[in-house]
Amino acid sequence: MPEAAGEKWRADVVGIFFIIAVGACLALMGAAWGIDTPFQAQMWTMLAAFILGGAALLSQIAKPPVADKASRYENGVIKAGVFASMFWGVAGLLVGLIIALQLAFPNIFYFPDFGWLNFGRLRPLHTSAVIFAFGGNVLIATSFYVVQRTCRARLAGGLWPWLVFWGYQLFIVLAGTGYLMGITEGREYAEPPWYTDLWLTIVWVVYLLVFLGTIWKRQEKHIYVANWFYLAFIVTIAMLHIVNNLAIPVDFAGSFSYSLFSGVQDALTQWWYGHNAVGFFLTAGFLAIMYYFIPKRAERPVYSYRLSIIHFWALIFLYIWAGPHHLHYTALPQWAQTLGMTFSLMLWMPSWGGMINGLMTLSGAWDKLRTDPVLRMLVVSVAFYGMSTFEGPMMSIRAVNSLSHYTDWTIGHVHSGALGWVGFVSFGALYCLVPWLWKRQRLFSIALVDWHFWLATIGIVLYITSMWVAGIMQGLMWRAYNEFGFLEYSFVETVQAMHPYYIIRALGGGLYLAGALIMAYNLWRTARGDAPALERASDVPAAGVLAAAE
């Protein structure tokens, strides 16, 4: 290894060793002086993770890394990200199915002797697992893949990308085990305690520097639009995370803390964060996936590159102002509520501009949808993106919001975006990545991709339609009055009326989980290099399916 490269390698080893050493010392102190048992358990978990990380680092020092001779790119961390994405995806969907069954059949799926299995602890575990564990790993893995190929440069930082990957897994484990033990800040999409938030901040800053460093040393003059969306996602999530999680610990040896904000200011800060977590984590990052993987899979250029730039700037500017629409009919000043509603309505235009750009990229290649279920999944995801970004602005209108808010209509809306848009575009990207990374001619089974597509699609339709009907019925029952001016229905009557729709929701979630399990099996067999026992004509890969590989 050249001397300059060796110095660079030693620099990243020293930096990572410093983080691990300081983290291990602080974790040991927390475990020794912790004032509550869950906090001590979390500190022991961190200490074990840092010890394992230090051992892995020492093994790397003893045996310096050798670049993959078959590739100019760093693929190892991306492969690890693919495995982590599928693991957390299946885990998060399984927890979601369990809590759906708890709502449908509380007499069967309620476990009074196991407090960590109650709905209040499993629900944040589900949302964090599918959003941050599954979605976050997909975003990290695909961003590392895309930035290298579009910049024609190896991932910057030596071992730093591996710190991003393993550091993020530690964050997921700390957050998830914390929920099960009852550790939570009680903030939507921002439940982890203060020390977990601090660790994620360190990991996220390293992620940003690795991504910027790769762009900085690019050999391609132009910065492709997907990298713009990835960068906006990374930078804005960092800002949202830091501001919304500003807190004062009650004791530095305990898990509980108080938010720096209070009252309506706290609510506004929370939903400024909450809606933009959707806008930048679940939208901007996955739009980057759309702008790379759909053209690559369809073997067509982006329909309008100029429209993609307009889409980027309009979306980035408008989304950040839309959060107050979650606070209609609250103590928030009405001008702020109206501002959030107005910007939400304006968001419809750039969102549909991006959807049209994604769909029109298939101009001249629509026939591929008949034989390529991976491309079909990517395209259907864009259709769900268009649908959910129409429904969202409509639900932000004050009159509609008075009916929809706090009902299961909102749950249906969220899952139309999460399962249809985020889930399908993530599945499509992973189906593309595995043959490219492991250099396989094709997926193990295209037929299994077909099964996955249809099971998941039917599951989504059952889920969102049942929640639409249940939510609208729920809202109408809540606002119904009799001739004496009293409420027509008690709360328990609305719950009873929704029972059949909760059963349908659980069935839809079960079908979606079954599709994910089929996908995990298919990707595992593909990575192993197993050839399909029976090859259909439609299983033959389209020309250029390996074009994105080395």
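This is a predicted model: local features need pLDDT of at least 70, side-chain atom pairs count only at pLDDT 80 or more; totals for chains, interfaces and linings use all residues.
User: Thanks! How are helix 8 and helix 9 oriented: roughly parallel or roughly antiparallel?

Analyst: Helix 8 covers residues 225–244 and helix 9 covers residues 263–298; helices are DSSP runs of H or I with at least four residues, strands are E runs of at least two, and both are numbered from the N terminus. Their axes are 8 Å apart and the packing angle is about 160°, where axes are lines fitted to C-alpha atoms over the stretch in contact and angles run from 0 to 180 degrees between N-to-C directions. Angles under 35 degrees count as roughly parallel, over 145 as roughly antiparallel, 65 to 115 as roughly perpendicular and the rest as oblique. That angle therefore makes helix 8, relative to helix 9, roughly antiparallel.

User: How many nonpolar residues are in the contact of helix 8 with helix 9?

Analyst: Helix 8 passes helix 9 in a left-handed crossing, meaning that the near helix is turned anticlockwise from the far one by less than a right angle. For the classes, Ala, Val, Leu, Ile, Met, Phe, Trp, Tyr, Cys and Pro count as nonpolar, Asp, Glu, Lys and Arg as charged, and the others, Gly among them, as polar. The contact of helix 8 with helix 9 has no charged residues, seven polar ones, and a nonpolar group of 21.

User: How is the contact between helix 11 and helix 13 divided by class?

Analyst: Helix 11 (residues 334–360) and helix 13 (residues 373–396) pack at about 165° with axes 8 Å apart, so helix 11 is roughly antiparallel to helix 13. Their crossing is left-handed. Contact means heavy atoms within 4.5 Å, and the residues making it include W348 and W352 of helix 11 and Y385 and F390 of helix 13. By class, the contact of helix 11 with helix 13 has no charged, five polar and 11 nonpolar residues.

User: Is F424 buried or exposed?

Analyst: F424 sits in helix 15. Leaving aside neighbours within four places in sequence, F424 is in contact with M377, V380, S381, L419, F453, A456, T457, I460 and Y512. The relative accessibility of F424 is 0%, so F424 counts as buried.

User: What is the relative accessibility of F165?

Analyst: F165 is found in helix 6 (residues 160–180). Not counting residues up to four places away in sequence, F165 touches V77, A80, G81, A84 and N137. F165 counts as buried because its relative accessibility is 4%.

User: Where is S255, and what is its relative accessible area?

Analyst: S255 lies in the loop between strand 1 (247–249) and strand 2 (257–259). Beyond its neighbours within four places in sequence, S255 is in contact with D36, F39, I183, P193, W194 and Y195. S255 is buried, with a relative accessible area of 15%.

User: What is the phi of Y329 near?

Analyst: Most residues other than glycine have a negative phi. Y329 is in the loop between helix 10 (305–319) and helix 11, and at 54% relative accessibility it counts as exposed. Its phi is positive, near 60°.

User: And what is the phi of K439 near?

Analyst: K439 lies in the loop between helix 15 (408–438) and helix 16 (446–478). K439 is partly exposed, with a relative accessible area of 40%. K439 also has a positive phi in a residue other than glycine, near 55°.

Terms used:
Residues are numbered from 1 along each chain as its sequence is written. Side-chain values use heavy atoms; hydrogens and water are left out. Buried means under 20% relative accessible area, exposed over 50%, partly exposed in between (1.4 Å probe, protein chains only).
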